[in-house]
Amino acid sequence: MEGLRTSSVSSIHIATSISKTQFTKPKFLNFQFNPVPTSTFSRKIPSTSKLFTTISSSPSFVSTPEPELEADSQAEKFDWYAHWYPVMPVCDLDKRAPHAKKVMGLDIVVWWDKNESSWRVFNDACPHRMAPLSEGRVDQWGRLQCVYHGWCFNGSGNCNFIPQAPPDGPPVSTSKKACVAVYPSTVHHDIVWFWPNTDPQYKDIILKKQPPFIPELDDPSYIKITGSRDLPYGYEVLIENLMDPAHVPYAHYGIMRTRQPKVKADREGGSPVELSIKKLDIDGFIGNQVQFGINKFIAPCISYADSSPVIDQGDDAIADTEKKPSMQRREALIFFCVPVSPGNSRLIWAIPKNYGVWIAKVPRFIHHSVTNIVLDSDLYLLHLEERKIMEIGASNWQKACFVPAKSDAFVVGFRKWLNKYAGGQVDWRGNYSGTLPPTPPREQLLDRYWSHVVNCPSCNSAYKGLNALEVILQFASLAFIGIAGATKHNAYTMVAMAVVCFVGSKWLDQFIYKNFHYHDYDHAFR
C-alpha cells in the first residue's frame, strides 16, 4: 500500500510486494488505442501535435519556455461542471445513515435509497430552513428525514411528508419549493460518482456520458486495495505530487524502498528520471516513463500509472518486455483526485493487481496505516508549498518555479493542461474569495482521525476495538494486583502479570495514537 507515492515510477519496491509488472492497457475517454494483442498496444500521435517542451534529446535537463504555460484564450475550454466526480468508495459508506461530503465546493449528502436500491446524492440543505440533511436519518420507510422539523424526502427529491402541515389543509408538500435539489449519481468501479449540476436536463446524463472506464477495476481476476483520505492541500498540489516520482527517495526516505542506482550521488539515491509527454489535449495527457511504463492524466480527476517495464519503440508503439502475456503479473496504480475546496482535496486510491492474493487477506486498517505514513511524510511541506504558490499567484507558477529536468515533465504537463484548457485553476464559480484557510497547528494538520478514521469503517472498527482492548488490559492489571494482595498465593506471578498488562496497555495507547491520530515525520532526523 506504500505505492501511493509511486504512481509514476515502477522502479520503487514496496514492502507489500508491488513490483515490476505488466497488464493489458485500457481505453480511456478520448485517448484511443488500437486493439492489439495483450503484450503490445499502439498509440497514434498526430504528426501536427506539439510535443511538450520538457521533451528533449538532452539526457536529463531541458528548457521550458514560459509561453508554454500561459493561458491559451483560443483553445477549447474545459467545463469543470460537465464531468463526473468520484465521491467515496461504496465500502466506506454506511447504508443506515446519510453522509456529508463536499466536492467542487458543493455541500452534498450521500444516502442509500432502499426503495430503489441505489445511492442518492442531494444538495445538503433542507428547503424548509436550510438545515443540513446529512445530520438527519433514513427513516423506517426509506426516506431521508431532516431532523430539524421532520420533513421527509424520497429518492427523487420530492417531499413526502411535512409533520406541521394539517392533513386536511393545502398539499404544501407537493410544492416544487418543498423539493430537494438532486444531483445525478451512479456507482462505477465500486465508487459513488455524481454530476455537479442539478439542472433537470442532466437527469439522464448517465445515458450520454459515463465516468471513465478502467478495465482492471472491473476484472474479477484482480484484487483491489482501496481507501480514501481528506488532505489539507488543494487538488492541483495533490495531482502534481502523485505525478512526481523524483520526490520519493527524499520526501519518503526511510519509509519506501527505491531501486538504488549503481553509483549513488547521495545517501537517498536519487537519480535522473526520464519522463515525457506523448499527447496532451483537453481530456488530459498520455505520458511515458522510459523503460518503465505509461502514465495518464484523465481530466479532471484520474492519475493512472502502469508500473510495467516497457521498451520505447517510438511514438507509434510501446511493447512490453515480457514475451508471455499469459504469465504476466499485472498491476496498476489509480488515484482519484477530488477537488473539495481551495486548500482541500480528497484522495481515493485503488491498486488492482492479479497476483499476491494473500495481500487482500491483510486487515484493511493495516494497509491504511501504512498508506497514512506515506501521506503524512510530505503532507506538511505540501501544505506550505501551496501557500507559497498562492502568494506569488498560480498564474505565475512557471515564472517562480525552475523545472529544468525531465523528471518534472508530468508536473509541467499538468500545469500546461490547467492553463491551456481549464482556466488555470478549479472553477469554484465565485463561491470562494481565493484565499486559503489558515494553517492550523502541526498536530491538527496531520490528524488522521477526522481526515480518515471516521470515514473508514475498517479503521473505525479497529480503533474502537483497540481502545476497548486497552481498557481491558488496564482493568486486568488492577485485577491481578488485587488478587496478589488478597490471596498471597502466587503473588509474584500475579504482580508480573499486572506489570505485563500495564505495559501492554501503555504500548497500545501509543500505537493507537500514532496510527489513528498523529504520527509526525521529522525529515531532519531520518
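This briefing describes the fold, the interior and selected residues of one protein. The model is a predicted one. The protein has 526 residues, of which 52% count as buried. Nine helices and 23 strands are found in the protein.

- Strands of a sheet pair through backbone hydrogen bonds, either parallel or antiparallel.
- Strand S4 is joined to S5 by five bridges, in the antiparallel sense.
- Within this pairing, His-99 stands opposite Val-110 in S5.
- Two residues lie between the strands in the hairpin of S4 and S5, where Met-104 takes a positive phi near 55°.
- Strand S5 (residues 106-113) also runs antiparallel to strand S6 (residues 118-123), and six bridges join the two.
- Trp-112 has Trp-119 in S6 standing opposite.

**The two faces of strand S4**

- In a regular strand the side chains alternate between the two faces of the sheet.
- The covered face of S4 holds His-99, Lys-101 and Val-103.
- The uncovered face of S4 holds Ala-100 and Lys-102.

**An enclosed helix**

- Helix H2 (residues 235-242) is largely enclosed by the rest of the structure, because eight of its eight residues are buried.
- The buried residues of H2 include Tyr-235, Val-237, Leu-238, Ile-239 and Leu-242.
- Glu-236, Glu-240 and Asn-241 are also among the buried residues of H2.

**Cysteines without a disulfide**

- The structure holds zero disulfides.
- The cysteine sulfur closest to that of Cys-126 belongs to Cys-146 and lies 3.9 Å away, which is too far for a bond.
- A disulfide would require the two sulfur atoms to be within 2.5 Å.
- Cys-126 is buried, with a relative accessible area of 1%.
- Cys-146 also counts as buried, at 3% relative accessibility.

**Empty space inside the protein**

- Rolling a probe the size of a water molecule over the atoms shows where empty space is left.
- Six cavities of 30 Å³ or more are found in a search of the whole structure.
- The largest cavity contains about 90 Å³ of space.
- This largest cavity is lined by 13 residues, and the closest to its centre are His-83, Trp-84, Pro-212, Ala-299 and Pro-300.

**Tyr-521 and contacts across the sequence**

- Among contacts between residues at least 6 apart in sequence, 70% join residues at least 24 apart.
- Tyr-521 lies in the segment after helix H9 (491-516).
- Tyr-521 is buried, with a relative accessible area of 5%.
- Tyr-521 and His-252 are 269 residues apart in sequence, yet their C-alpha atoms are 9.4 Å apart in space.
- With neighbours within four places in sequence left aside, the residues in contact with Tyr-521 include Ala-251, His-252, Tyr-253, Gly-254 and Ile-255.
- Tyr-521 is also in contact with Asp-376, Ser-377, Arg-442 and Arg-526.

Notes:
Residues numbered from 1 in each chain as written. Predicted model: local features only at pLDDT ≥ 70, side-chain atom pairs only at ≥ 80, totals over all residues. Heavy atoms only, no water. Pairing = 2+ DSSP bridges. Helix = DSSP H or I, 4+ residues; strand = E, 2+ residues; numbered from the N terminus. Buried < 20%, exposed > 50% of the residue type's maximum accessible area, 1.4 Å probe, protein only. Contact = heavy atoms within 4.5 Å. 1 Å grid on protein atoms, 1.4 Å probe; cavity = no way out; pocket = protein on both sides within 12 Å on 5 of 7 lines; lining within 4 Å. Points joined across faces, edges and corners; volume = space filled by probe spheres on them.
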